[in-house]
Amino acid sequence: MIFDELAPSRANRLINHGPVVLISCRDGDRTNIMTAAWAMPASHTPPMLAVAIGPSRFTHDLIINSNEFVVNVPGADLLDAVWYCGTKHGHELDKFAECNLSAQNGKEVAAPLIGEAIGAIECRLSSHPTAGDHTIMVGEVVAAWAKAELFETRLLVEKSAAQTLHHLGGPHFCRPGAVLAKK
Ligand SMILES: Cc1cc2nc3c(=O)[nH]c(=O)nc-3n(C[C@H](O)[C@H](O)[C@H](O)COP(=O)(O)O)c2cc1C
């Protein structure tokens, strides 16, 4: 065999490193933020995305109760907040305050946007099928935002402030390398 065999449970680590996102949500007066590496675009028309969220997450209940969430894209400067929001249960914590993140009003959803992020995507929950031990939160994109200096027709990852974080597993992350353009 020309490959080494990986445990099926390790397969995600080959495709894990899309940008890490911070999922923000609100149910009534409770807000929360959770880190997620398992996020992907899912439809062009209508625009939709999907995030896999474990049912034990406080975020899971807030999304199911409110039917909405925001996918925020942090820069590498937010690594400490990414780690904190990914290792603390938000039930008895205010992660916005603990991480010094500012909650911004969105346009279409009540869930707050994270002001320090590179960009933010407001989503309305469309469906939530179960996949093994996670729930796939499928969201229809109802509004999307990006910092003007960091996004033109694409994310300007060659600028340091637009360097996203990509989770390799455990405590390991990487940042984007050079931009390659197919001629
Ligand atoms: C880098 C990183 C990526 C993570 N990705 C996911 C993910 O995609 N889905 C998930 O359910 N949990 C993920 N987690 C774990 C949750 O973020 C973690 O359980 C968090 O404490 C949940 O917060 P909550 O209980 O306040 O919602 C990740 C954690 C880290 C550190």
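**The ligand shell and its surroundings**

In this predicted model, the residues of the shell around the ligand comprise 10 that are nonpolar, 10 that are polar and three that are charged. In total, 23 residues surround the ligand, and the closest of these are Thr-35, Ala-52, Thr-59, His-89 and Gly-90. An N or O atom in the side chain of Asn-32 lies 2.8 Å from an oxygen atom of the ligand, and a backbone N or O atom of Trp-38 is placed 3.0 Å from an oxygen atom of the ligand. At Ala-52 a polar backbone atom is found 2.8 Å from a nitrogen atom of the ligand. The ligand taken alone exposes 640 Å², of which the protein buries 90%. Two or more residues of the shell are given by each of strand 2 (30–36), strand 4 (48–53), helix 1 (58–66) and helix 2 (79–87).

Strand 4, one of the elements that contribute to the shell, is mostly covered, with six of its six residues buried. In a regular strand the side chains alternate between the two faces of the sheet. In strand 4, Met-48, Ala-50 and Ala-52 point one way, while Leu-49, Val-51 and Ile-53 point the other way, and all of them are buried.

Most residues other than glycine have a negative phi, and most peptide bonds are trans. The peptide bond from Thr-45 to Pro-46 is cis, with omega near -5°, and Pro-46 is situated in the loop between strand 3 and strand 4. Asn-67, a residue other than glycine, has a positive phi near 65°; it is located in the loop between helix 1 and strand 5 (68–73), and with a relative accessibility of 39% Asn-67 counts as partly exposed. A positive phi, near 55°, is likewise found at Asn-100, in the loop between helix 3 (95–98) and strand 6 (103–104). With a relative accessibility of 67%, Asn-100 counts as exposed.

The structure holds one aromatic pair. A pair of aromatic rings is described by the distance of the centres and the angle of the planes. For Trp-83 and Phe-173 the ring centres are 6.2 Å apart and the planes stand at 80°, so the pair is edge-to-face. Because Trp-83 lies in helix 2 and Phe-173 in strand 12 (residues 172–174), the pair ties together parts that are 90 residues apart in sequence. Trp-83 itself counts as partly exposed, at 41% relative accessibility.

The loop between strand 10 and strand 11 holds Gln-163, and this loop, which runs between strand 10 (134–146) and strand 11 (166–169), is also the place of Thr-153. Gln-163 counts as buried, at 14% relative accessibility, whereas Thr-153 is exposed, with a relative accessible area of 78%. The side chain of Gln-163 reaches the backbone oxygen of Val-157 at 2.7 Å. For Thr-153, the C-alpha atom is separated by 18 Å from that of Val-141, a residue 12 positions away along the chain.

Conventions: Residues numbered from 1 in each chain as written. Predicted model: local features only at pLDDT ≥ 70, side-chain atom pairs only at ≥ 80, totals over all residues. Heavy atoms only, no water. Near = heavy atom within 4 Å. Polar contact = N/O pair within 3.5 Å; in protein donor to acceptor, adjacent residues only side chain to side chain. Areas by Shrake-Rupley, 256 points an atom, 1.4 Å probe, with all protein chains shown as cover. Helix = DSSP H or I, 4+ residues; strand = E, 2+ residues; numbered from the N terminus. Nonpolar A, V, L, I, M, F, W, Y, C, P; charged D, E, K, R; others polar. Buried < 20%, exposed > 50% of the residue type's maximum accessible area, 1.4 Å probe, protein only. Phe/Tyr/Trp six-rings, centres within 6.5 Å; stacked < 30°, edge-to-face > 60°.
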